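Please read them with the structure open.

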Amino acid sequence: MNLETPSKRVREHDSEPASDKDLPPTKKAKKDGKSFDKDVLSEAEYYFKNGLRCVYPYYFTFTSYAKGRWIGSNIYSLFCKEFQAETPEYYAKALETGKITVNGITANKETVIKSSDVISHAVHRHEPPVVGDRINIIHKDNDLVVINKPPSIPVHPCGRYRHNTVWFILAKDHNLTNLHTVHRIDRLTSGILIFAR
């Protein structure tokens, strides 16, 4: 099970990118049956440049319960093996500066993962840009939303993408927040995409 705990955006969108030295405290997302809440949608802002939709960098905390294969591993080895988007040097520094916690307590390189541990990693996210084309809604009723998905935009949050996804763009730009994917198409593919409401 992977739980994501968003943090509020802490800088104005027109200022210089913030440093990730001092990450703000995070708060738990409310589970009220909605896909998004106002805090999640307001944690980042978009801007357009050279035909691309860009997201201003924002603070975010990844949170996950310990998976079975992680139990008995030390946190440093786990991050180096499972999350290769960053270097081992980055993870060593993240542990030293308290960006990685286990059960809300700052971890060190030797912290061993146990069953039911909650692991968190606070980051300053920089999402890759996507094409800036408007998402065309072909059909919308009480049961379905059908769109023509532009290329380069993932359907749902994954990997380095969160706000630059069809799911978030529809929620933010069209106030369509309780959508469920019926199918998906690859990030680089354009075409018809159907959501259930």
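1. A definition comes first: rings of Phe, Tyr and Trp (its six-membered ring) pair if their centres lie within 6.5 Å, and planes under 30 degrees apart count as stacked, over 60 as edge-to-face and the rest as tilted. By this rule, ring pairs join W70, F79, F83, Y90 and Y91 into a cluster.

2. On sources: this is a predicted model, in which local features need pLDDT of at least 70 and side-chain atom pairs count only at pLDDT 80 or more, while totals for chains, interfaces and linings use all residues. Residues are numbered from 1 along each chain as its sequence is written, and side-chain values use heavy atoms, with hydrogens and water left out.

3. The whole structure holds six aromatic pairs. One of them is W70 with F83, whose ring centres are 5.9 Å apart and whose planes stand at 75°, so this pair is edge-to-face. W70 sits in the loop between strand 4 (58-65) and helix 2 (75-82), and F83 in the loop between helix 2 and helix 3 (88-96), so the pair ties together parts that are 13 residues apart in sequence. Helices (H or I, at least four residues) and strands (E, at least two) are DSSP runs, numbered from the N terminus.

4. W70 is buried at 3%, whereas F83 is partly exposed at 32%.

5. F79 and Y91 form a tilted pair, because their ring centres are 5.3 Å apart and their planes are at 55°. This pair links distant parts of the chain, with F79 in helix 2 and Y91 in helix 3, 12 residues apart. Both F79 and Y91 are buried.

6. Two arginines deserve a look. A charge sits over a ring if NZ of Lys or CZ of Arg is within 6 Å of the ring centre and within 35 degrees of the ring normal. R53 lies over the face of Y46, 4.5 Å from the ring centre, and the charged end of R125 sits over the ring of F60, 5.0 Å from its centre.

7. T63 belongs to strand 4 and is buried, with 6% relative accessibility. Its side chain makes a polar contact with the side chain of S120 at 3.3 Å. A polar contact is a pair of N or O atoms within 3.5 Å; within protein, one must be able to donate a hydrogen and the other to accept it, and residues adjacent in sequence count only if both atoms are side-chain atoms.

8. Four strands make an open antiparallel sheet in the order 9-10-12-11. Strand 9 and strand 11 (180-181) stand at the edges with a single partner strand each, so one side of each has no neighbour in the sheet. Two strands pair if DSSP finds at least two bridges between them; strand 10 and strand 12 are joined by six. V145 has F195 in strand 12 as its bridge partner.

9. Which residues of helix 4 (residues 166-174) are buried? They are V166, F168, I169, L170, A171 and H174. Just after helix 4, N175 takes a positive phi of about 55°.

10. I105, in strand 6 (residues 105-106), counts as exposed because its relative accessibility is 58%.

Definitions and conventions:
Buried means under 20% relative accessible area, exposed over 50%, partly exposed in between (1.4 Å probe, protein chains only).
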